Structures are given as C-alpha cells and as structure tokens.
Amino acid sequence: MEGIVNCIAYCDGRRVANIHIAKIRETLLHKDTFVWVGLHEPGEELLKSIQEEFDLHDLAIEDAHNAHQRPKLELYGETMFIVLRTAQVNSINHHIDFGETHFFVGENFIVTVRHGSSLSYKDVRTRCENTPELLSKGPAFALYAVMDSIVDQYFPVIETLEQKLLDVEEEIFGKKPTRGTTQRIYELKRELLEVKRVITPLIDICNRLLRFDIKRIPDDTRPYFRDVYDHAVRINEMLDTTRDLVTAALEANFSLTSISQSEVSKKFAGWAAIIGVPTMIAGVYGMNFETMPELHWRYAYPVVLVSTFLLCIILYFFFKRSGWL
C-alpha cells in the first residue's frame, strides 16, 4: 500500500517478519512482540487502517494526516502522540528545509509518520536491529533512536548557520557594507528564529519524557532520553549564542554604515567650504559698487585670483590633514 515504508514485527529485539497492516492486531497477541510501522506521507485511508489496528484517537489521526503541527507531546489514553520537526540543509540553495515526524507509541507498537523533507529512518532501524539487546527494551527505545537521529540532524544545520554568520562578518568588516549585507543578516535572523521555534518545544518534550508519570517510557529507557535532552539543550545554547552574535553583527553593520555616511558628509562639508571661498569673493566683487577701490587697481585681478587659489589650497590641506577629505 502506498505510504508504507516498513511494517515489521520484533520479538526480544530481533526482527521476526515483515507483516501486512491487516495482520498487526493478530501479531501483537504474541508475548514479547512489538510492531514498528514506518509511514511516509500517508493518505487518509491508510491512516484509518492504522487507527483501527492500534485503536488510535481521532484527534491524533487528524493531526498526523494534516501535518503542519507544532512540536508537542500528548497522551490519548494508553497511547502517546509526539510531533517533532525535522531540519536539514538544502544542498542546492543552502536554505533550511523543515519536515515533520509524528509518533504513536503504545505498549507494544510504535508508528512513525514522516511529512515533508524529513530524511528516511532506514539507517536508524538498521542500527537498532544490530543491537537487539537494546531494541528488546521495546517501542520506547525505538522512539529514542529516532528522536536522537532527528536531534543530531540539527548540528549540521547549526554549523551552516554559524558559517553564514562568519561570511556576513567578513563582508561587514572586510568590505564596504551594502544594503544586501543588511538583507542577508535579516535572513539569517529569520532562519535562526525558525530553528529556535523548533528546538524550544523539543526541550520541553524531552523533559516530560524523563518524568515518571509517562507510563510508556520504562525506567530502564529514561537515561537514553536524558541524552537527547542534553543534546537539545546544547543546540539551544548554540542557537542563543549565534543569535546574539547576529544581533551584534547587525548593530555593527548599522554602525559602520553610519560611519560611512558620516565620512561622506565630512567630504561634502570640506568641499563645500573650499568652494565657498571663491563663491564668497566672486559674490563680493559681483556687487558692482563704483566706490570699490580694487576695481581701478592695476593688479587687483591677479591678486584676487591668486589669493582665491591660495585660500582654497590652504583649506584643502587643512581638511586633508584632519581626515575630512
């Protein structure tokens, strides 16, 4: 059936067989057996079949079908429903693509539902099958393995964001800041905010899984979720540090832009002062007063002209020395 990636029964941590959806209820009657179902972009009909086999709540099935949910953990009777957001760097445009993974975890089953750009969990399943002594802990360990994989995918994302920050800083301090620099900083801040919105609820989810009131998580499995919790906290701290640096970069960009504008204003003011000298002198002698003594002096014109040039040259060197030109 389209949408089914895997539907496998495990007994004592070892793969028993691939089973059909319709055989799930019968398979779960065997002792020490649990079923791991993997779905990708399932249709409504497939989810209805899964709901009937595992007796899942209508609201949880509706969320799993519609996707676009915020990360959360909800309990529906004896079944735990978890929504996590996945992230990976697009190799083409280097933007972050987000996806979703929904979990239904019961006493003897786990169902993973992938939406969007979420990566396949085939490797995760293989690693679990290679350690049957751990997989024998049941669906809770499978949940941990997938969650750990999801959290680990965020480290390359953070590294990419940090590299973008370094590129922006190099552009700010190594080149002349432009409008495009400010736009890239805002784009980076938006990406950081999107990742932050995903990681913050994940910390709360891991914290709840560590509590003893979640019956679906056995005591011998809780330490594994503490590892996921520590990774999520570390990623959150890295995000906060990067976000602070981006804010500082934005302020530095604004400061350098203001300094650059101030330098331009100084140059305009310096040249205006230099040009003001001949303008003033020309304005004085342009008044056409007959009693002006210089008008009838033989050397008046060359003296005024030379004086004007000398004053302009003196002002030029003065402003050049003071850094205005």
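The structure holds zero disulfides, a disulfide being a pair of cysteine sulfur atoms within 2.5 Å. This is a predicted model, in which local features need pLDDT of at least 70 and side-chain atom pairs count only at pLDDT 80 or more, while totals for chains, interfaces and linings use all residues. Residues are numbered from 1 along each chain as its sequence is written, and side-chain values use heavy atoms, with hydrogens and water left out.

Select Cys 7 and Cys 11. The sulfur of Cys 7 has its closest cysteine sulfur in Cys 11, but at 16 Å that is too far for a bond. Cys 7 is buried, at 6% relative accessible area (buried is under 20%, exposed over 50%, partly exposed in between, with a 1.4 Å probe and protein chains only).

Next, select Cys 128 and Cys 206. For the sulfur of Cys 128, the closest cysteine sulfur is that of Cys 206, 16 Å away and too far for a bond. Cys 128 is buried too, with a relative accessible area of 3%.

Now turn to the rings. There are nine aromatic pairs (rings of Phe, Tyr and Trp, the last by its six-membered ring, with centres within 6.5 Å; planes under 30 degrees apart are stacked, over 60 edge-to-face, the rest tilted). Select Tyr 10 and Trp 36, a tilted pair with 6.3 Å between centres and 45° between planes. Both residues are buried.

Finally, select Phe 141, Tyr 144, Tyr 224 and Phe 225, which form one aromatic cluster.
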